Amino acid sequence: MYNAISSNIWKSFALVAFFVALITGIGYVFAHALESPAILPIAVVVAVISSVGSYYYSDRMVLAVSHAHPATREEHAHLINSVEGLALAAGLPAPSIYVIDDPSPNAFATGRDPKHAVICVTTGLMEKLNRIELEGVIGHEMSHIKDYDIRLMALVAVLAGTVVLMSDWMIRSFWFRGRRDNRNGNAIFVLLALVLALLSPLAATVIQLAVSRNREYLADAEGAMLTRYPEGLASALEKIDQAPEPLKEASKATAHLFIANPLKKTDGFLSSLFSTHPPIEERIRRLRTM
Amino acid sequence: MATGVVLTGVLAVIALAVLWTIFIYNRLVVLRNRIDNAWSQIDVQLRRRYDLIPNLVETVKGYATHEKEVFEKVTQARAAMTAATTVAAQGEAQNQITQALKSLFAVAEAYPELKANENFMMLQEELSGTESKIAYARQFYNDTVMSYNTTIQSFPANTIAGAFGFKEREYFTMEESAREPIKVKF
């Protein structure tokens, strides 16, 4: 368990560092091609501004979109006790607990930091899983909160947004400038910049999804650490995978928050590259070999 | 001229050493305070369990009026907890409470009307949840102790720890008697 945790943390660092280096490189090339050094800082500022709102209100937004209602002690005593217990194990304040009425078993965690955190589960999850499996899932969600994963994914979204903005700007200015400034050395940069502008949004998305998958593995490992029982989460993931119905209230925008991909599954290498979650078989295998 | 450079270099090294010492010292303080906080969290849960017991005893008495032995055990265990002054005695009292509660719930199995009583079911869930929380709180306490002890033992922080009197802390363990299986008599 300890090894899985530390290797995942290193991978996160590596991915984000690579992303930042990529952005700096692209920014440099674009700035030369357009002879405008302002492109990188402006793109960063715009990307930050457009992400700030959704990051700050991430908890309320997702809850509203998913039609979740707060859990009550009368109806969900066991859920509340489990969440409070795992919060104690993680050394965190207990997050707010919400419930979605849906037969599809799933759960998510959101909130910008542990003090404003929310854990939400579906009624399907509580019905289909036994107590140990439920604690495995809650441990996974608690780990997302403990690791500030929402904050990290917001940062990565800003990075990806920066790349997209810069590429967009690059293509537009090339379109409108035409061939006015045609120095030889500049032409190479312009060509390189165009290629990058077309490919880098794709690369940014791939990196963003790679970080998301990496954090899922990390949350699995740390969740197993909290419960000291990886089999609980492994068994829960098996049951969740076998459930036939997709989650009604999930959309592409919120899909990455859930513990298992709530939209219909597709197989194949390309789809796994563009998936927010790692394949469930691999997650279960890693848990069972901890 | 050369002495000026050497002097600056020496001062820089000293400044860095002082900053590093402050950093390590503060880190040790944070880790130590986490341990104390974690310990008091265990107490909070133990207190919660203690407070739930009278309600439970009354509910069970309403159905199982003749099970005097079990009620006495629970009452004694509770009294032992208030009387305990040393840490060892407190640990002993907590174990007594755990065993008494297990006997009480085992006895309740024989009374189906009691088991269907809503208040009893609520108390059962609350006590079971509290037992889990006690276990999780102890687990977290041990995690904080491990983190602190590892930092104290590692080089170079062990020099600071030794200099400022940071001592290793003990893990929470179960006493031998608590490891034995609980004997339940009907």
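This is a predicted model: local features need pLDDT of at least 70, side-chain atom pairs count only at pLDDT 80 or more; totals for chains, interfaces and linings use all residues.
Which residues in α2(B) are buried?

Start by selecting chain B and colouring it by secondary structure. There are 7 helices and 0 strands, and from the N terminus on the order is α-α-α-α-α-α-α. The radius of gyration of chain B is 25 Å, well over the 16 Å that the globule rule gives for 186 residues, so the chain is more spread out than a compact globule. Turn the view along the principal axes: the C-alpha trace of chain B spans about 95 × 30 × 25 Å. Of the 186 residues in the chain, 22% are buried. Among contacts in chain B with a separation of 6 or more, 77% join residues 24 or more positions apart.

Next, select residues 68-83 of chain B, which form helix α2. This helix has 16 residues and reaches 22 Å from its first C-alpha to its last, close to the 22 Å expected at 1.5 Å a residue. Show the side chains of B:Val70, B:Val74, B:Ala77 and B:Met81; these are the buried residues of α2(B). They cover an arc of only 60° around the axis, so they sit on the same side of α2(B).

Finally, bring chain A into view. Here 9 residues of chain A are in contact with 10 residues of chain B. On the chain A side, the residues that touch chain B comprise 4 nonpolar, 4 polar and 1 charged.

Conventions: Residues are numbered from 1 along each chain as its sequence is written. Chains are lettered from A and ligands numbered from 1 in the order in which they are written. Two residues are in contact if their C-beta atoms, placed from the backbone, lie within 7 Å. Ala, Val, Leu, Ile, Met, Phe, Trp, Tyr, Cys and Pro count as nonpolar, Asp, Glu, Lys and Arg as charged, and the others, Gly among them, as polar. Helices (H or I, at least four residues) and strands (E, at least two) are DSSP runs, numbered from the N terminus. The radius of gyration is taken over C-alpha atoms; the globule rule is 2.2 Å times the number of residues to the power 0.38. A residue is buried if 20 or more other C-beta atoms lie within 10 Å of its own, exposed if 12 or fewer, and partly exposed in between; C-beta atoms are placed from the backbone. The expected span of a helix is 1.5 Å times one less than its number of residues. The arc is that of the directions from the helix axis to the C-beta atoms.
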